[in-house]
Amino acid sequence: MPFAIALLVLLIEFTPAHVGYTVPLLVATPALAAVTMGPKGTLAAVGAAVGVSLATATYNQAWGSQQVYTNFLALFLVSAASFMTSSAARTRRENELNQVRRIATAAQEVLLRPVPDQLGPVRASSMYLAAETGAQIGGDLYDVIQTRYGVLMVVGDVRGKALPAVRAAAVVLGAFREVVYYEDDLAEVINQRSWPRSRTARTSRRSTGPTRCRCS
């Protein structure tokens with residue numbers, strides 16, 4: 001839209017049969033760009049408006065008239081205000097996005113706590129990489145716990161997105177972390193974990209299930 005206005009003014013001013021002075025319409029170009037295109041787009045729109053203004057003033061031999069200088073002054077003021085507004089809006093959006101990412105990272109660290117380097121005779125490590133670029137939290141789950149029955153591990157992936165998937169993963173991990181300390185049979189661990197899955201908004205889960213490492 002901003003560049004369309006600049007092109008329209010250029011076509012009208014360079015038409016021999018044009019009537020009226022349409023260059024003041026260029027003042028709206030930076031303002032529209034600030035709303036729709038961000039700081040870089042605003043600067044590009046300012047450059048286009050200034051270029052068209054210079055070209056039309058030269059073509060129409062209007063240099064020296066008060067109208068031309070008034071138009072340039074208005075264009076300068078609107079451009080400066082538009083760029084500052086666009087920059088402030090972009091900074092605010094980036095701050096909000098960074099805050100959301102920090103909250104998501106904190107929630108992910110609570111949900112997927114770091115795996116100890118050593119659990120009895122078992123050495124372990126973990127790393128979480130989200131499938132979507134920029135995502136910090138999802139429905140993936142894993143944990144490794146050393147109990148009196150051995151080292152138990154669970155790895156899974158909740159089918160779904162956003163908070164429902166995170167909620168389901170938290171319920172499954174919470175149940176696993178509670179049950180493994182007093183259930184020796186892996187089948188019983190799975191059975192005990194079945195009740196929270198039925199309470200999570202019909203969210204299905206695919207998981208490798210718990211795995212025991214018996215080490216001497």
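**Confidence**

I began with pLDDT, the predictor's confidence in each residue on a scale from 0 to 100, and found that the protein chain averages 77, with 79% of the residues scoring at least 70. Helix H3 has the highest confidence in the protein chain, at a mean of 87, whereas strand S5 (residues 205-213) has the lowest, at 51. Over residues 198-207 I noted that pLDDT stays under 50, and that the model has 20 contacts there beyond four places in sequence, contact being heavy atoms within 4.5 Å.

I keep in mind that this is a predicted model, in which local features need pLDDT of at least 70 and side-chain atom pairs count only at pLDDT 80 or more, while totals for chains, interfaces and linings use all residues. Residues are numbered from 1 along each chain as its sequence is written, and side-chain values use heavy atoms, with hydrogens and water left out.

**Overall layout**

I looked up the elements, which are DSSP runs numbered from the N terminus (helices are H or I with at least four residues, strands are E with at least two), and the protein chain has six helices and five strands. From the N terminus on, their order is α-α-α-α-β-β-β-β-α-α-β. Of the 216 residues, 35% are buried, where buried means under 20% relative accessible area, exposed over 50% and partly exposed in between, with a 1.4 Å probe and protein chains only. Among contacts between residues at least 6 apart in sequence, 64% join residues at least 24 apart.

**Salt bridges**

I then turned to salt bridges (a side-chain nitrogen of Lys or Arg within 4 Å of a carboxyl oxygen of Asp or Glu), of which the structure holds three. Arg-113, Asp-143 and Arg-177 are linked in a network of them. Asp-143 is buried at 2% relative accessibility and Arg-177 is buried at 16%, whereas Arg-113 is partly exposed at 34%.

The side chains of Glu-94 and Arg-90 also meet in a salt bridge, at 3.3 Å, N to O. Being four residues apart in helix H4, these two are separated by about one helical turn.

**Two buried helix residues**

I checked Ser-79, which lies in helix H4 (residues 66-111) and is buried at a relative accessible area of 8%. A polar atom of the Ser-79 side chain lies 2.6 Å from the backbone oxygen of Leu-75, and, not counting residues up to four places away in sequence, Ser-79 touches Pro-30 and Val-46.

I also checked Ile-5 in helix H1 (residues 2-13), which is buried at a relative accessible area of 16%. Leaving aside neighbours within four places in sequence, Ile-5 is in contact with Leu-25, Leu-26, Thr-29 and Leu-32.

Notes. Polar contact = N/O pair within 3.5 Å; in protein donor to acceptor, adjacent residues only side chain to side chain.
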